[in-house]
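Hi,

Here is the structure I promised to pass on.

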Amino acid sequence: SQETALYEEVSALQNLRFAASLYGVRHADARISEMLRLVGLQDRARDVVRGFSGGMKRRLEIARGLLHHPKILFLDAPDEVLIRRFEGNRRRHHFPAPTLEDAISGERTLLQAIRDASDIVIDTGSLNTNQLHSRILELFSDSSDPTKMRVNVMSFGYSNGIPRDVD
């Protein structure tokens, strides 16, 4: 079973109204409608979440996460770079598909709404971890005091497992 941070016994609309009240979202009803349209759940707004498929729940979680207008950074890379990275670490892609190319394509389709809503898209195809770290600091840190923001970018191979301190 897939675990979510949604309240399953109430509707999608009630979940988003509660989140909007916690975040102090202005013009909450309009923003909620916008988010439901973005994730394609506008026709299911009044349905109880318990009856949603796993994918629908994920989309509702995306809507909730975008509700308060966070800055969104989307990290991307060309397909050939992603293929090389997956083949290099000999790890299967998590998206179920017959080929790695199909898995990457399927994942791109699922993430397209988030990419479209992103404030910034960084192509990581030609960046190493130090360059990515510098780019993120440059984009998001307060120039008057760069010590106010801490960014950790870690590169690792799965052959030794996922590092303990990775989120």
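**Salt bridges and the rest**

D47 and R44 join their side chains in a salt bridge, 2.3 Å from N to O (a salt bridge being a side-chain nitrogen of Lys or Arg within 4 Å of a carboxyl oxygen of Asp or Glu). D47 is partly exposed at 28% relative accessibility, and R44 is partly exposed too, at 30%. For those words, buried is under 20% relative accessible area, exposed is over 50%, and partly exposed is in between, with a 1.4 Å probe and protein chains only.

Before going on: this is a predicted model, where local features need pLDDT of at least 70 and side-chain atom pairs count only at pLDDT 80 or more, while totals for chains, interfaces and linings use all residues. Residues are numbered from 1 along each chain as its sequence is written, and side-chain values use heavy atoms, leaving out hydrogens and water.

There are nine salt bridges in the structure. Another one links E61 to R58, with the closest N and O atoms 3.0 Å apart. The two sit three residues apart in helix 3, so about one helical turn separates them. E61 is buried at 18%, whereas R58 is partly exposed at 31%.

R115 also pairs with D76 in a salt bridge, at 2.9 Å between the closest N and O atoms. R115 belongs to helix 5 (residues 100–117) and D76 to strand 1 (residues 73–76), so this pair ties together parts that are 39 residues apart in sequence. Salt bridges with shared partners join D76, D79, R108 and R115 into one network.

As for the overall layout, the protein has six helices and two strands, in the order α-α-α-β-α-α-β-α along the sequence. Helices (H or I, at least four residues) and strands (E, at least two) are DSSP runs, numbered from the N terminus. Of the 167 residues, 28% are buried.

How do S11 and R46 sit, given that they are 35 residues apart along the chain? Their C-alpha atoms are separated by 5.2 Å. S11 lies in the segment before helix 1 and is buried, with a relative accessible area of 6%.

Finally, F18 lies in helix 1 (residues 12–23) and is partly exposed at 38% relative accessibility.

Cheers
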